[in-house]
Amino acid sequence: MLPTNLESTAPTIVAGLAARYAGRVEKPLNIIACENMERSSSTLRGYIRAAAPDLDWDWVDSHVGFPDSMVARAVPVPTDPLFLVAEAGQEWSVDARKIREPMPRLAGMTLSDNQDAALERKLYIKNTGHFAIGYSGI
């Protein structure tokens, strides 16, 4: 749950945003960080802003969305890096209020008008259940 993955991607995203700005690309862009932490896209935006203070942030804010997301799918630590096992059920909720439209809808993505509630439900139901099973050794 550390944002180090996000911080290391910021320079690459900055280069892409600078190129879009220089090329006068008007088509909206949404950057959705699917990291195992709260407010991952907002956190990523902070790293990008710190890495590019001279970027036209009025342009970024009007053209680029950073909707926070929540992914709920358990994937145990793999014993073989070429073979992943994941639980069948999944949930991917994206904060609809922070999207820049038009944005294509992706399979499995649910837009939420209350992302905080979606996250709390996931934490209290899914994560608490996994914690209880792990703690009890079942």
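The model is predicted: local features require pLDDT of at least 70, side-chain atom pairs count only at pLDDT 80 or more, and totals for chains, interfaces and linings use all residues. Residues are numbered from 1 along each chain as its sequence is written, and side-chain values use heavy atoms, with hydrogens and water left out.

Gln 115 belongs to helix α4, which comprises residues 115-136. Leaving aside residues up to four places away in sequence, contacts (heavy atoms within 4.5 Å) are made by Gln 115 with Asp 68, Ser 69, Met 70, Ser 93, Val 94, Asp 95 and Arg 97.

The chain contains 4 helices and 5 strands, arranged along the sequence as α-β-α-α-β-β-β-β-α; these are DSSP runs numbered from the N terminus (helices H or I, at least four residues; strands E, at least two). Of contacts between residues at least 6 apart in sequence, 60% link residues at least 24 apart.

Along the principal axes, the C-alpha atoms fill a box of roughly 55 × 30 × 25 Å. Of the 138 residues, 28% count as buried. The chain exposes about 8900 Å², of which carbon and sulfur atoms supply 59%. There are 14 positive and 17 negative side chains, and the centres of the two sets lie 3 Å apart; Lys and Arg count as positive and Asp and Glu as negative, whereas His and the chain ends are not counted.

Methods:
Buried < 20%, exposed > 50% of the residue type's maximum accessible area, 1.4 Å probe, protein only. Areas by Shrake-Rupley, 256 points an atom, 1.4 Å probe, with all protein chains shown as cover. Charge placed at Lys NZ, Arg CZ, Asp CG, Glu CD.
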